[in-house]
Amino acid sequence: MTSNKLSEVVHRPGAIPHEEMADYFRAVDLYLSCALSDGSSVSLLEAMATGLPVVVSDSPGNREWVASDENGWIAPVGNPDAFAALLITSIQSGPTERTTIAQVNRRLVEQRADWSRNSELLRQAYERLARG
C-alpha cells in the first residue's frame, strides 16, 4: 500500500469488536465488497442496515439483497474497471438518491434480515422436516 500511497487515504483498522461496527459503517460513505464468491454477507446486511449504499460483486448471495441502481450497484466478479466505474457512479449520486438508497436498504434489512424473527422460522422449518 505504500507504493501507491493508498495508506494515506485508506484506513485498515484490523479486527473490530462487533459492538463497534455500526460506528465504522456510519463513518464511511459506501460499502464495497469485491469478493470472488460470497453467500449472504453479514457485513453487507449490517452496512445496509446503517443506510449505506453498496457496491458488491455479482454473486447469487449479493443479488438476493442488492438491485443495481436501486439500492446499490453490482459489478462483474474480477472486473476492477467495472468496480471503479461504479465507485464513481456512487460518488456522483446526489443527496436525494443517497437518501432513497439509505431508506430502501434499512427497510429491506428490517423486513428480511431480522434474526429474531428468522431464527424462529428456521426452527419451525427444521421441525417440519424432522416430522417428515
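Biologist: How much space lies in the second largest pocket?

Modeller: Rolling a probe the size of a water molecule over the atoms shows where empty space is left. In this predicted model, the second largest pocket holds about 200 Å³ of space.

Biologist: Which residues line the second largest pocket?

Modeller: Its lining consists of Val 28, Asp 29, Leu 30, Leu 32, Leu 87, Ser 90, Ile 91 and Arg 98. Helix H4, residues 80-92, gives the most to this lining, with three residues. By class, five of the lining residues are nonpolar, one is polar and two are charged.

Biologist: And how much space lies in the largest pocket?

Modeller: The largest pocket has about 540 Å³ of space. It is lined by 13 residues, and those nearest its centre are His 11, Pro 13, Tyr 24, Val 28 and Leu 30.

Biologist: Which helix gives the most to the lining of the largest pocket?

Modeller: Helix H1 does, with three residues. Both H1 (21-26) and strand E1 (31-33) supply at least two residues each.

Biologist: How many residues of each class are in the lining of the largest pocket?

Modeller: There are 11 nonpolar residues, two polar ones and no charged ones.

Biologist: Which residues of H5 are buried?

Modeller: A residue counts as buried when its relative accessible area is under 20%. In H5 the buried residues are Ile 101, Ala 102, Asn 105, Leu 108 and Val 109. They lie on the same side of H5, because they cover an arc of only 140° around the axis.

Biologist: What covers the buried residues of H5?

Modeller: The cover includes helix H2 (42-49) and strand E3 (72-75). On the face of H5 turned away from the buried side are the exposed residues Pro 95, Thr 96 and Glu 110.

Biologist: How many helices and strands does the protein have?

Modeller: The protein has six helices and three strands. Along the sequence they follow the pattern α-β-α-β-α-β-α-α-α.

Biologist: What does the C-alpha trace span along its principal axes?

Modeller: The trace spans about 60 × 30 × 30 Å. Of the 132 residues in the protein, 27% are buried.

Biologist: Among contacts between residues at least 6 apart in sequence, what share joins residues at least 24 apart?

Modeller: The share is 40%.

Key
Residues numbered from 1 in each chain as written. Predicted model: local features only at pLDDT ≥ 70, side-chain atom pairs only at ≥ 80, totals over all residues. Heavy atoms only, no water. 1 Å grid on protein atoms, 1.4 Å probe; cavity = no way out; pocket = protein on both sides within 12 Å on 5 of 7 lines; lining within 4 Å. Points joined across faces, edges and corners; volume = space filled by probe spheres on them. Helix = DSSP H or I, 4+ residues; strand = E, 2+ residues; numbered from the N terminus. Nonpolar A, V, L, I, M, F, W, Y, C, P; charged D, E, K, R; others polar. Buried < 20%, exposed > 50% of the residue type's maximum accessible area, 1.4 Å probe, protein only. Arc of directions from axis to C-beta. Contact = heavy atoms within 4.5 Å.
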